[in-house]
Amino acid sequence: IDKIQEKVASDKVVFSFEFFPPKTEDGVENLFERMDRMVAHNPAFCDITWGAGGSTADLTLDIANRMQNTICVETMMHLTCTNMPVEKIDHALQTIKSNGIQNVLALRGDPPHGQDKFVQIQGGFACALDLVKHIRSAYGDYFGITVAGYPEGHPDTIGPDGVASNESYQSDLLYLKKKVDAGADLIITQLFYDTDMFLKFVNDCRQIGITCPIVPGIMPINNYKGFLRMTGFCKTKIPAEITAALEPIKDNEEAVKAYGIHLGAEMCKKILAHGIKTVHLYTLNMEKSALAILLNLGLIEESKISRSLPWRPPTNVFRV
Ligand code: FAD
């Protein structure tokens, strides 16, 4: 099976890992070593992001190729419309096609650094829907297409009070359905920490006739400042109990990591109990927390965790 929607639609619980292109050559080599160790645990697929504003285009293409053909994991490449005339989009798609990659995450992208709003460039696309349509019309069924979903509403629609109005939430949902109707096979969500909100989102999608798999994007909390930065950028709701748990331990890095593993495992457990079969981990290129969560869930075996890893999973205190 080469398309990830078929892997995530099986009866088995599966997981996947997201990575981003490192800034230096050493970083890239380190990432491949780490990825190799993580792929030994048999993820359904791994994906590599497309740098904001198209800043990592060549590197993302190279990494995707190596993931598919050297690491030998089913690979999905992210692709955005920001600063991408259609020729560049086709160059990227042709390149991955010739490298045997069959999975794309089709995104609009954020505005480049220093810009507030996304602006469609001349000869480019205005939104992910346009990109999905293009991929289907130019490449038929060759690619499995994934699109982004936003359980709390897209950040553009979230007001100063931290929530999206019901009207914009509903129009986001209808737009998501358009992306699926235009040919997307799978939805991966933006990160969230309110699991009930994710489950409501899945329900709301089903109500309007979205039937494809909806995969939760889980970002383990690795570090307090990073968590605040990320949730601030994405305007993610932080449930009060998470703030209360983090506040007293925020200066203790190990305690924050251990809590992040505990929380990630609890979230996944609840989601899996509701019949969702896939968890997608935003690894931030780090292996420890992602593997510890999967270990806690019983989805990977401790004996397969590389001995060379200078770390062992935390004690049973946080086992679920
Ligand atoms: P779209 O689906 O086009 O939607 C953007 C917003 O505009 C939504 O609010 C939508 O409802 C609204 N909208 C657009 N067109 C219409 C329309 N016709 N009618 C009604 N509403 C409309 N960014 C990167 O730069 N690189 C990455 O690799 C990357 N990976 C990501 C992976 C995931 C899983 C997620 C969730 C996000 C990722 N992002 C990435 C961020 C993403 O690019 C931004 O969130 C971006 O602002 C929106 O992209 P989108 O594909 O969701 O846009």
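**Close-up views of the parallel sheet**

**View 1. Strand order in the open sheet.** Nine strands make up an open sheet, ordered β7-β6-β5-β4-β3-β2-β1-β9-β8, and their pairing is parallel. The edge positions belong to β7 (214-215) and β8 (217-218); each has a single partner strand, so one side of each lacks a neighbour in the sheet. The model shown here and in the following views is predicted. Strands of a sheet pair through backbone hydrogen bonds, in either a parallel or an antiparallel arrangement.

**View 2. Surroundings of strand β1.** Strand β1 covers residues 14-19. Five of its six residues are buried, so β1 is largely enclosed by the rest of the structure. In the strand order, β1 stands between β2 and β9.

**View 3. Pairing of β1 with β9.** Strand β9 spans residues 278-282 and pairs with β1 in the parallel sense over five bridges. Glu 18 has Tyr 282 of β9 as its bridge partner.

**View 4. Pairing of β1 with β2.** Strand β2, residues 45-48, runs parallel to β1 and is joined to it by four bridges. Phe 19 has its bridge partner in β2, namely Ile 48.

**View 5. The β-α-β unit.** Helix α2 (residues 25-39) forms a right-handed β-α-β unit together with β1 and β2.

**View 6. Pairing of β4 with β5.** Strands β4 (residues 103-107) and β5 (residues 144-149) run parallel and are joined by four bridges. Opposite Leu 105 stands Thr 146 in β5. In a regular strand, side chains alternate between the two faces of the sheet.

Methods
Residues numbered from 1 in each chain as written. Predicted model: local features only at pLDDT ≥ 70, side-chain atom pairs only at ≥ 80, totals over all residues. Pairing = 2+ DSSP bridges. Helix = DSSP H or I, 4+ residues; strand = E, 2+ residues; numbered from the N terminus. Buried ≥ 20, exposed ≤ 12 C-beta atoms within 10 Å, placed from the backbone. Right-handed = clockwise from strand over helix to strand, strands pointing away.
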